[in-house]
Number of protein chains: 2
Amino acid sequence: MVTHTPILGRRSDPDDLPEVHAHPHRFARRTSNVSASAVREILKVTERPEIISFAGGMPAPELFPVAAIARAHAQVFAEDGPAALQYSTTEGWLPLREWIADRMRKRAIPAEADRVLITTGSQQGIDLVAKVFLERGDSVVVENPCYVAALQAFSAYEATPLPVESDDDGMRVDQVEQALKQHPKLIYIVSEFSNPKGTTLSAERRRQLIELSLRYRVPILEDNPYGELRYSGVAPDALAALDRDGMVIHIGTFSKTISPGMRIGWLLASEDIFKEVVIAKQSADLHTSTVEQRAAARMLRDFDYDGHVARLCRVYGERCETMRDAIERHFPAGTRWTSPEGGLFLWVELPATVSSDELFAEALHAQVAFVPGACFFTGEQPTNFLRLNFSNQPTDRIEEGVRRIAAALKRRMA
Amino acid sequence: MVTHTPILGRRSDPDDLPEVHAHPHRFARRTSNVSASAVREILKVTERPEIISFAGGMPAPELFPVAAIARAHAQVFAEDGPAALQYSTTEGWLPLREWIADRMRKRAIPAEADRVLITTGSQQGIDLVAKVFLERGDSVVVENPCYVAALQAFSAYEATPLPVESDDDGMRVDQVEQALKQHPKLIYIVSEFSNPKGTTLSAERRRQLIELSLRYRVPILEDNPYGELRYSGVAPDALAALDRDGMVIHIGTFSKTISPGMRIGWLLASEDIFKEVVIAKQSADLHTSTVEQRAAARMLRDFDYDGHVARLCRVYGERCETMRDAIERHFPAGTRWTSPEGGLFLWVELPATVSSDELFAEALHAQVAFVPGACFFTGEQPTNFLRLNFSNQPTDRIEEGVRRIAAALKRRMA
């Protein structure tokens, strides 16, 4: 049903793969570093409706504000007419950039609209920053485990990750200085509710990280797709809010709060970095959909965004709690898990003897799916971790799914 | 009003630019090769409504099928609901891929939906192919002059253009073999109604180019954004229709026929290339807007696309003819120009003594704009060419604009 290859997440050394050399085309070397995301490959197996899937990172479709989005599109066509369908500037639709800058200022980030670039999802923000900074031989400091598609983006520019361990307070900043001595080009971090772990970088570590970034003059790429989704606790200041020297590039998205299908993300950077990223975007896709940018801006003019986010937080918070409680009740002794205060994911550490790949196959047999944790790691890939998504299933299916995984786990341990 | 710097189109050697070295950030070397597109910089100057602009490459907004597009969006939200707003596959929305494959088959291109990738505009197709094939030291055979944003995309992967001359039958294929001996990675060509010249590669040259591509095993990137816009003459077979060995990557777009603001393009490639390009797209932006893909597919289910394209051809054909006639009437002896059978552009060669940059400044003073031709050239940049767009202005303004340029030209020559 599932082989080990996609789960490993990246090809091994191209020298091990004779078919690459037998290839009729002379692809760039970068192609041998990057393979299809393991997570997306797993999703293809798990998208059948009878499967209770904790594998993806998808928001709950039943919470999409479909009516408000449909109305905003209709308004844009009625009010703007042809202008909504024409080419537009690479930087993006100014009213949307202004709304986003304003929102960031409310979180103490000193943002101005003219340094906000609209991107085709926040994934493009990662890709463009990678394109502007990275080349063969470069490295990027990353939390280990790390968001897979960021590793993939860095790898596409032939950079290697410099992994730093993490714990319940996020990236182990005490290990960062050692990594910075190897002259990396960037520090990449999902600062709030990380993917895959769901942990958040503590306030103290944030101050330390900013200081190190400045001392070694290595910019931080702060990826914050989940920051709006906080279910408990108090948000620490964003790294971009602590930064006074233009060292932080901050990226965000409407994918988790409005709709991922619209592909609207953004990037905030200091003027010099902003300029280079805009040039990179110009040759990448000219600009993000004029229609979607205007629809998002039109919607936000009279949509109760805060109320909508609060509703998401209520529902996801309940799902998160249900999952945590179910794990506590059903999983065997020796299991550990994170307790996220927000976001979409929970991270489970099984007893070291258990293989999450084997558990995946057994769980899939019982119609339940997750992502085995190995693919998120750089270097050594421990096999006893699971990433569980809780946003995309109702609480009864979460309860049932966790029960089934636990039963499969007990069978494997027996 | 306008300086010479943006018109030159690309920065000179970074060693000439001390401010690059004084930069606080360590950008990748690629950034020093790529500057903001000269065309887009010029557009910023020329977007004032009182200016008769032949500078852009924009379709006529008054011909956008706004009502049909608005209806399609409304139908997608009503019929598909949340599914239209969720993450989707990197390859794209299958019904749209099927429609596009079918359309290509009608032009004798052996297309199957599972080798069609939906891209964020056809610009992304160029960028992804560049990403998959090019690295520092590589080269790409290009027609000289060439579409600027393609040169920009290749440059972003540190490849250099290998320019081949062109005449009224398009790329001088008799010069291509010499270029292929330098082991380029790709041949890039706008095969029908090129940008900036408006010329089309002849049938005979197409057969020769396919043969050379196969003999030297260098794939052809056939960029055909304007192919649907034919006002006279007979379309030659696309390179992708002549190809029997998977050597042609074909890219297309709805930007010139439906709407550029929706950012829907596509790429057709052989299976092995397709696979690499999909992986590259995954890390670039995950996928193109689900909303826009579904809206395009929904619209095409009952929209008279052929009738709409025929209408565009009638209007643009008349504009093209008006511009050609006006040039013939007003421009001084010693001027030459292309006679495009379709597309958006006409290319004018002035007497060698005239500087199009100086003419640009003088014309702008008379409230009319164009793109000086130098930025489209690789290597030596002749200054006596103009690119004129005829799709974006009504015939009376075309007549008046050409008259004003001619008057400015006569003043300069006096």
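This is a predicted model: local features need pLDDT of at least 70, side-chain atom pairs count only at pLDDT 80 or more; totals for chains, interfaces and linings use all residues.
Residues are numbered from 1 along each chain as its sequence is written, and chains are lettered from A in the order in which they are written. Local features need pLDDT of at least 70 and side-chain atom pairs count only at pLDDT 80 or more, whereas totals for chains, interfaces and linings use all residues; side-chain values use heavy atoms, without hydrogens and water.

At the interface, 84 residues of chain A contact 84 residues of chain B (heavy atoms within 4.5 Å). About 6,900 Å² is buried between the two chains, 54% of it from carbon and sulfur atoms; buried area is the accessible area (1.4 Å probe) lost by two parts on being put together, summed over both. Six salt bridges cross the interface (a side-chain nitrogen of Lys or Arg within 4 Å of a carboxyl oxygen of Asp or Glu). The side chains of R29(A) and E135(B) form a salt bridge, with an N to O distance of 3.0 Å.

In chain A, four strands (DSSP E runs of at least two residues) form an open antiparallel sheet in the order β10-β11-β14-β13; strands pair if DSSP finds at least two bridges between them. Strands β10 (336-337) and β13 (371-372) of chain A are at the edges with a single partner strand each, so one side of each has no neighbour in the sheet. The antiparallel pairing of β13(A) with β14 (residues 385-389) of chain A spans two bridges, and V371(A) lies opposite R387(A) of β14(A).
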